[in-house]
Amino acid sequence: MLKIFKDSDPLLRKRAEPVPLPISASDRNLALAMLAHLKESQDPEFAEKHKLRAGVGLAAPQVGESKQIIVVHLPRGGNDRLTYVLANPVILSSSIRRAYLRSGEGCLSVDEPHEGHVYRHYKIKVKAYDILNDEEIEINTFGYPAIVLQHEIDHLHGVLFYDRINDENKVRYPDALSL
Ligand code: CO
């Protein structure tokens with residue numbers, strides 16, 4: 001269980017530093033601790049006991065480290081999970097088509113609700129270092145996982161989801177898919 005820094009902390013507004021490769025033991029441990037935190041947060045009993053909010057993604061600045069590490073852990077039907085533990089992720093290309101979560105986005109670092117749709121790219125191609133498998137990978141994904149990855153990569157640039165909520169976007173993306 002890690003301490004989660006809130007959006008009032010200037011750390012959440014900084015650009016995170018690239019992680020040197022091959023990855024150090026301490027950076028790997030940080031990534032694994034972030035994954036463990038997400039898993040614990042999704043365990044209803046543990047979360048209740050420790051007053052944890054369930055999360056599907058986490059970026060290192062949210063746990064006090066200004067480093068380019070993100071972790072995603074998503075339910076994918078039954079007990080199956082989609083897990084990414086990544087260093088230095090970069091979006092190589094993205095679809096013109098946009099998508100948004102009907103229920104809005106949330107963030108472990110943001111306590112107040114922010115109403116409004118966050119228009120993301122529906123499909124993205126990401127290049128990153130896969131910390132679990134120790135290799136450079138390319139991820140091609142769309143829909144919900146793509147939205148979560150964009151949310152986490154935003155954290156590495158000091159951007160929070162509510163920065164992207166505004167009325168102008170609603171006019172600009174009338175064909176966006178609602179997920
Ligand atoms: Co967040």
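This is a predicted model: local features need pLDDT of at least 70, side-chain atom pairs count only at pLDDT 80 or more; totals for chains, interfaces and linings use all residues.
Residues are numbered from 1 along each chain as its sequence is written, and side-chain values use heavy atoms, with hydrogens and water left out.

Let's begin with the big picture. The chain has four helices and eight strands; here helices (H or I, at least four residues) and strands (E, at least two) are DSSP runs, numbered from the N terminus. Along its principal axes, the C-alpha trace spans about 45 × 40 × 35 Å.

How much of the chain is tucked away? Buried residues make up 48% of the 179 residues, where buried means under 20% relative accessible area, exposed means over 50%, and partly exposed is in between (1.4 Å probe, protein chains only). The fold also brings together parts of the sequence: of the contacts with a separation of 6 or more, 71% are between residues 24 or more positions apart. A contact means heavy atoms within 4.5 Å.

Now for the metal. Which residues hold the cobalt ion? Its protein donors are Cys107 (SG), His151 (NE2) and His155 (NE2), lying 2.1 to 2.2 Å from the ion. Cysteine 107 sits in the loop between β4 (98-100) and β5 (120-121) while histidine 151 is in helix α3 (residues 144-156), so this pair ties together parts that are 44 residues apart in sequence. Donors are N, O and S atoms within 2.8 Å of the metal (3.2 Å for Na, K and Ca), and water is not among the atoms, so sites may look incomplete. In sequence, the spacing of the donor residues reads C-x43-H-x3-H.

Histidine 155 is in helix α3. Not counting residues up to four places away in sequence, histidine 155 touches Leu12, Lys14, Ala59, Pro61, Gln62, Cys107 and Leu160.

Another buried residue to look at is serine 66, with a relative accessible area of 14%. You'll find serine 66 in the loop between β1 and β2 (69-75). Leaving aside neighbours within four places in sequence, serine 66 is in contact with Leu11, Lys14, Arg15, Ala16 and Glu17.

Most residues other than glycine have a negative phi, and most peptide bonds are trans. Lysine 51, though not a glycine, has a positive phi of about 55°. Lysine 51 is in the loop between α2 (44-50) and β1 (57-59), and at 73% relative accessibility it counts as exposed. Aspartate 134 also has a positive phi, near 55°. Its place is the loop between β6 (123-130) and β7 (135-142), and with a relative accessible area of 40%, aspartate 134 is partly exposed. As for the peptide bonds, the one from leucine 21 to proline 22 is cis, with omega near 0°. Proline 22 lies in the segment before α1 (25-41).
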